[in-house]
Amino acid sequence: MILRSVIMVVVVVGILSSASQALRFELQSGHTKCISEDIKSNSMTVGKYHVVNPNEAYPLPDSLKFAVRVTSPQGNSLHTAEKVETGQFAFTAAEEGDYMACFWAEDHSPQIIMTVDFDWRSGVQAKDWSNVAKKGQVDVMELELKKLYDTVTSIHEEMFYLREREEEMQALNQATTSKMFWLSFLSLFLCLSVAGIQFWHLKTFFEKKKLI
């Protein structure tokens with residue numbers, strides 16, 4: 001029973017781990033590549049990036065370097081680096097929204113294409129569990145339980161967040177429906193008013209001409 005629980009924990013943590021942004025992309029000289037991550041407020045986030053050496057037998061050439069900048073939803077700079085081949089950043093999100101990491105390389109002639117590995121994690125996935133296990137001197141079972149506890153806490157917070165978003169959407173839908181109702185009523189009133197005025201004008205015109 002305990003072994004089964006541990007296996008389930010490992011599966012859940014593995015699924016959640018795969019949801020983090022770990023990707024590889026190509027960056028052309030003279031171009032910019034931006035990646036966004038939706039992060040909740042007060043969530044820890046960490047990121048690591050490096051250029052993939054096309055030839056492991058030789059050191060990385062100086063031409064394969066780039067600049068990076070990480071900004072908050074309000075445009076505040078949280079991390080900057082220039083002419084680097086590797087780096088990392090870590091911060092706690094002060095606001096909720098889409099955080100942006102932009103990479104760009106100086107223009108070269110002929111054009112250079114470099115491959116960049118970028119790993120961006122937030123929330124539970126931002127924790128370094130190897131250090132937790134080392135510092136706390138816990139065994140595998142306790143470590144998995146700690147992971148499960150933090151995962152459940154994260155899911156619980158996410159459920160409350162989704163519930164708040166749902167309530168906001170319902171309020172917005174109700175407000176929109178109410179506005180559309182009054183707009184339709186006003187449009188109908190204006191159409192009837194214009195039709196009545198036209199009818200009165202035509203009637204008055206024919207009476208003056210003694211046609212009716």
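Modeller: One term first: a residue is called buried when its relative accessible area is under 20%, exposed when it is over 50%, and partly exposed in between, using a 1.4 Å probe and protein chains only. This is a predicted model, in which local features need a pLDDT of at least 70 and side-chain atom pairs count only at pLDDT 80 or more, while totals for chains, interfaces and linings use all residues. Residues are numbered from 1 along each chain as its sequence is written, and side-chain values rest on heavy atoms, with hydrogens and water left out.

Biologist: Fine. Which strands pair with strand 7?

Modeller: Strands (E, at least two residues) and helices (H or I, at least four) are DSSP runs numbered from the N terminus, and two strands pair if DSSP finds at least two bridges between them. Strand 7, residues 97-104, pairs with strand 2 in the antiparallel sense over 8 bridges, and there Glu37 has Tyr99 as its bridge partner. Strand 4, residues 66-71, also pairs with strand 7 in the antiparallel sense, over 5 bridges, with Val68 standing opposite Phe103.

Biologist: How many disulfides are there?

Modeller: Counting any pair of cysteine sulfur atoms within 2.5 Å as a disulfide, a search of the whole structure finds 1. Cys34 and Cys102 form it, with their sulfur atoms 2.1 Å apart. This pair links distant parts of the chain, since Cys34 lies in strand 2 and Cys102 in strand 7, 68 residues apart.

Biologist: Are those two cysteines buried or exposed?

Modeller: They fall into separate classes: Cys34 counts as partly exposed because its relative accessibility is 40%, whereas Cys102, at 17%, counts as buried.

Biologist: And the inside? Which residues touch the most other members of the largest nonpolar core?

Modeller: A nonpolar core here is a set of buried Ala, Val, Leu, Ile, Met, Phe, Trp, Tyr and Cys residues joined through side-chain atoms within 4.5 Å. The largest one has 25 residues, and Leu27, Tyr49, Phe66, Phe103, Met114 and Phe118 touch the most other members. At least two residues of this core come from each of strand 1, strand 2, strand 3, strand 4, strand 5, strand 6, strand 7 and strand 8. Strand 8 (113-122) gives the most, with 4 residues. As background, nonpolar side chains tend to be buried together in soluble globular proteins.

Biologist: Now the rings. How many aromatic pairs does the count come to?

Modeller: Rings of Phe, Tyr and Trp (its six-membered ring) pair if their centres lie within 6.5 Å, and planes under 30 degrees apart count as stacked, over 60 as edge-to-face and the rest as tilted. By this rule there are 12 aromatic pairs. One of them is Tyr49 with Phe103, which is edge-to-face because the planes stand at 75 degrees, with ring centres 5.7 Å apart. That pair links distant parts of the chain, with Tyr49 in strand 3 and Phe103 in strand 7, 54 residues apart. Tyr49 is buried at a relative accessible area of 2%, and Phe103 is buried at 0%. Phe103 also pairs edge-to-face with Phe118, the ring centres being 5.1 Å apart and the planes at 70 degrees. Phe118 sits in strand 8, 15 residues from Phe103, and counts as buried at 1% relative accessibility.

Biologist: Which residues form the aromatic cluster?

Modeller: Its members are Phe25, Tyr49, Phe66, Phe89, Phe91, Tyr99, Phe103, Phe118 and Trp120.

Biologist: Changing topic, where is Ser29, and what is it in contact with?

Modeller: Ser29 is in the loop between strand 1 (21-28) and strand 2 (32-39), and it counts as buried because its relative accessible area is 1%. Taking contact as heavy atoms within 4.5 Å, and leaving aside neighbours within four places in sequence, Ser29 is in contact with Ala105, Glu106, Asp107, His108, Gln111 and Ile112.

Biologist: What about the phi of Asn42?

Modeller: Most residues other than glycine have a negative phi. Asn42 has a positive phi of about 65 degrees although it is not a glycine; this residue is in the loop between strand 2 and strand 3 and is exposed at 66% relative accessibility.

Biologist: Last one: where does UniProt place the transmembrane region?

Modeller: The unreviewed UniProt entry places it at residues 180-202; such positions are given in the numbering used here, feature names are shortened, and annotations may be inferred rather than shown by experiment. In the model this span is 100% helix and 0% strand, with its end C-alpha atoms 33 Å apart.
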